[in-house]
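Open the model in your viewer and keep the selection panel at hand. This tour goes stop by stop.

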Amino acid sequence: MAINTVYITMFSKKYMLQGFVLLNSLLRNRNVGEIWVLSLDVETYQTLSKAEIPSLNIVFIEDVDLLCQKFAQYRKFRSFGESIFSIKPFWIYFVLSRLDYQDILFYVDSDSMFFRELPTFNYEKSIILSPHYFSRETQ
C-alpha cells in the first residue's frame, strides 16, 4: 500500500493570504497527497470551500467539539495567537486519528512557503522536527 503524505495547517481570515500562498506552494509539488486546513472562522471556511482546491480537506473549528471547546477555554486567558498554538496538538491528533497507520503527517505553519519540490523523506523516524530561526533580538 502506498504511503500518503499529508500536510496540515490552520488559519483564520487574518492569515488567509499567507494560507493560500502555502496551499499553492504545496499544490505545485507531486509529493503531496492530502492537505487539511483547520478554518478558525466562517470567512476562511467559506473562501476555502469556494476555491475548490483538489485534495483539500477543510474542517471548520466549530464542527469539532473538542477543538472548539479547547480554543474557547484557552481564549479566556491567552491571546488569539497563543490559543491557536495551544490547540495545535489537538488538531494534529484529530487528523492523525483519521489517517491510515502508514500515512505520514506534516504540520506546517500557515505563513510557510515551499520554493522547490518537496523531498521524499526517509521514514525511519516517527518524528521530524525543524528548527525555528529567530532574529537575534527575539532569541
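## Stop 1

Keep in mind that the model is predicted.

Helix α3 covers residues 65-75 and helix α4 covers residues 80-96. Their axes come within 9 Å and cross at roughly 145°. The crossing of α3 and α4 is right-handed.

## Stop 2: the whole chain

Zoom out and color by secondary structure. The protein chain has 4 helices and 4 strands. Trace the chain from the N terminus: the elements run β-α-β-α-β-α-α-β.

Switch to a surface view. The accessible surface comes to about 9,300 Å², and carbon and sulfur atoms account for 54% of that surface. Of the 139 residues in the protein chain, 36% are buried.

## Stop 3

In soluble globular proteins, nonpolar side chains tend to be buried together. Hide the surface and select W36, L38, I61, I87, W91 and V95. These have the most contacts inside the largest nonpolar core, which has 19 residues. β1 (5-11), β2 (34-39), β3 (56-60), α3 and α4 each supply at least two residues of this core. Which element gives the largest share of this core? Helix α4 does, with 5 residues.

Next, select M16, I35, L56 and L118. They are among the 16 residues of another core, which lies apart from the largest one.

## Stop 3: W91

What does W91 touch, not counting residues up to four places away in sequence? Show I8, T9, M10, W36, V37, L38, V59, L67 and Y107: W91 touches each of these.

## Stop 4: S39

Move to strand β2 and pick S39. Is S39 buried or exposed? S39 counts as buried, because its relative accessibility is 0%. Now display its neighbors. Leaving out residues up to four places away in sequence, S39 touches F11, T44, Y45, I58, V59, F60 and I61.

Note on methods: Residues are numbered from 1 along each chain as its sequence is written. This is a predicted model: local features need pLDDT of at least 70, side-chain atom pairs count only at pLDDT 80 or more; totals for chains, interfaces and linings use all residues. Side-chain values use heavy atoms; hydrogens and water are left out. Axes are lines fitted to C-alpha atoms, for helices over the stretch in contact, and angles run from 0 to 180 degrees between N-to-C directions. A crossing is left-handed if the near helix is turned anticlockwise from the far one by less than a right angle, and right-handed if clockwise. Buried means under 20% relative accessible area, exposed over 50%, partly exposed in between (1.4 Å probe, protein chains only). Accessible areas come from the Shrake-Rupley method with a 1.4 Å probe; for residues, only the protein chains shown count as cover. A nonpolar core is a set of buried Ala, Val, Leu, Ile, Met, Phe, Trp, Tyr and Cys residues joined through side-chain atoms within 4.5 Å. Contact means heavy atoms within 4.5 Å.
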